[in-house]
Amino acid sequence: MSEILPFRYLFGPGPGNAYPEVMAALSHPVIGHLDPVFIARLDRVSAGLREVWGTANARTWPVSATGSGGMEAAFVNFVEPGDPVVVAVNGLFGERMCEVARRCGAEVVRVEHEWGQPVDAERVLAAHPSPKIIAAVHAETSTGVRSDIAALGAGKGDALLLADAVTSIGGLELLADEWGVDIGYAGTQKCLGVPPGLSPFTVSERAFERRVREPRSWYFDIGLLGGYVGAAQGRTRTYHHTAPVTMIAGLEAALDRILAEGLPTVWARHEAAGAALREGLEDMGLELFAAEGSRLPSLTTVRVPDGVSSARVRRILLEQYSIEVGSGVGEFADTVWRIGLMGPNANPASVTLALGALGEAIGAAR
Ligand code: PLP
């Protein structure tokens with residue numbers, strides 16, 4: 001029998017704790033993927049996802065894959081070999097976008113940024129005279145930085161704007177239509193408060209018309225998904241793949257929970273938690289990593305103080321306080337911590353707990 005782990009406070013970069021309503025939904029009996037109950041559920045979930053994306057796109061649904069699967073779907077459906085694709089790189093996930101676009105045959109135009117800085121819209125928009133796609137990460141989980149997607153949308157011209165909203169959806173203001181996002185993918189494991197495994201996805205009609213007719217991936221070909229996601233558009237459901245029914249029930253519970261609280265209230269709760277955490281960390285004499293003015297509330301990056309072992313602090317937090325905090329990424333692996341306040345963790349009690357335990361652990365690790 002597998003071991004049942006004790007409850008942990010997950011303040012890492014995710015998967016964070018799920019909302020209790022989600023855990024309840026996940027424990028319900030498994031139903032068939034063609035059961036009318038499930039068919040209605042997928043439609044409800046797609047409608048709820050439109051709300052959290054801030055879009056009226058009919059083509060909005062949970063891709064059966066993690067956030068990286070959503071990223072693959074976003075590129076493979078729109079990039080033909082030789083297409084110029086501008087990618088804003090200000091962290092690990094912008095980097096990953098370049099690699100995915102390269103494998104689709106894109107002529108990748110990278111726009112480099114120092115890690116910890118937001119995307120510079122002017123430079124990105126000037127990087128190529130007529131790109132097919134401009135791609136950027138709204139909330140860079142590797143660095144704790146929020147970027148201005150609306151500024152890219154305002155200047156995108158004829159290009160399609162592709163945005164990663166993995167660490168913003170369901171927690172931070174996200175207005176895909178208003179900002180001009182044509183192709184968006186996200187993940188369930190961050191602010192939506194659902195375990196990992198689904199990628200909320202949205203595509204504008206403008207983008208859909210310009211899709212690759214036969215993408216190199218069968219599974220992610222959005223042209224084949226009509227019957228899977230189509231009931232909301234008045235079509236009969238047809239089989240494409242066996243839907244992850246239980247995960248989608250969990251997502252439905254999260255969307256119900258979030259929309260009942262109200263999106264502006266949920267956003268304000270995340271903003272307030274992030275601000276309180278940042279203030280508490282600075283009061284402890286710690287230095288924040290992300291550029292001021294672009295700090296994410298859902299993921300705070302803070303420098304490890306001199307003379308303190310990052311790994312030791314993280315081990316103390318895990319073993320003595322059941323708290324998981326993320327390490328830094330890449331060259332910042334040992335010098336930055338990443339503290340997530342996502343979904344159910346975006347509240348004052350979690351902030352107090354995280355600050356208190358971190359202070360104790362740093363003291364013990366000196
Ligand atoms: N994009 C961002 C901003 C992320 O934070 C992540 C995961 O943390 C991903 C993409 C990839 O998602 P996944 O790990 O679910 O495949």
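**View A. The salt bridge of Asp 182 and Lys 156.** Asp 182 is buried, at a relative accessible area of 3% (buried is under 20%, exposed over 50%, partly exposed in between, with a 1.4 Å probe and protein chains only). Asp 182 forms a salt bridge with Lys 156, and the closest N and O atoms are 2.8 Å apart (a salt bridge needs a side-chain nitrogen of Lys or Arg within 4 Å of a carboxyl oxygen of Asp or Glu). The pair links distant parts of the chain, 26 residues apart: Asp 182 is in the loop between α7 (176-179) and β9, and Lys 156 is in the loop between α6 (149-154) and β8. Helices (H or I, at least four residues) and strands (E, at least two) are DSSP runs, numbered from the N terminus. Lys 156 also counts as buried, at 15% relative accessibility.

This is a predicted model, in which local features need pLDDT of at least 70 and side-chain atom pairs count only at pLDDT 80 or more, while totals for chains, interfaces and linings use all residues. Residues are numbered from 1 along each chain as its sequence is written, and side-chain values use heavy atoms, with hydrogens and water left out.

View B. The whole structure holds 18 salt bridges. In one of them, Glu 252 pairs with Arg 44, with 2.8 Å between the closest N and O atoms. Glu 252 is buried, with a relative accessible area of 13%, whereas Arg 44 is partly exposed at 46%. Arg 59 and Glu 205 also meet in a salt bridge, at 3.0 Å from N to O. This pair joins strand β2 to helix α8 across 146 residues of chain. Arg 59 is buried, with a relative accessible area of 15%, and Glu 205 is partly exposed at 37%.

**View C. The seven-stranded sheet.** The sheet is open and mixed in pairing, with the strand order β2-β10-β9-β8-β5-β3-β4 (two strands pair if DSSP finds at least two bridges between them). Strands β2 (59-63) and β4 (107-112) each have a single partner strand, so one side of each is left without a neighbour in the sheet. Within the sheet, β8 (residues 160-164) and β9 (residues 183-185) run parallel and are joined by three bridges. Asp 164 has Tyr 185 of β9 as its bridge partner.

**View D. The loop between β9 and β10.** Pro 195 is placed in the loop between β9 and β10 (199-203). Pro 195 is partly exposed, with a relative accessible area of 22%. Its C-alpha atom is 8.2 Å from that of Gly 250, which is 55 residues away along the chain.

**View E. The surroundings of Trp 218.** Trp 218 is found in the loop between α8 (205-209) and α9 (226-229). The residue is exposed, with a relative accessible area of 52%. Together with Tyr 219 and Leu 224, Trp 218 makes a nonpolar surface patch of about 310 Å². Patch residues have over 30% relative accessible area and no salt bridge; like charges are joined within 9 Å, nonpolar side chains (Val, Leu, Ile, Met, Phe, Trp, Tyr) within 5 Å. Accessible areas come from the Shrake-Rupley method with a 1.4 Å probe; for residues, only the protein chains shown count as cover.
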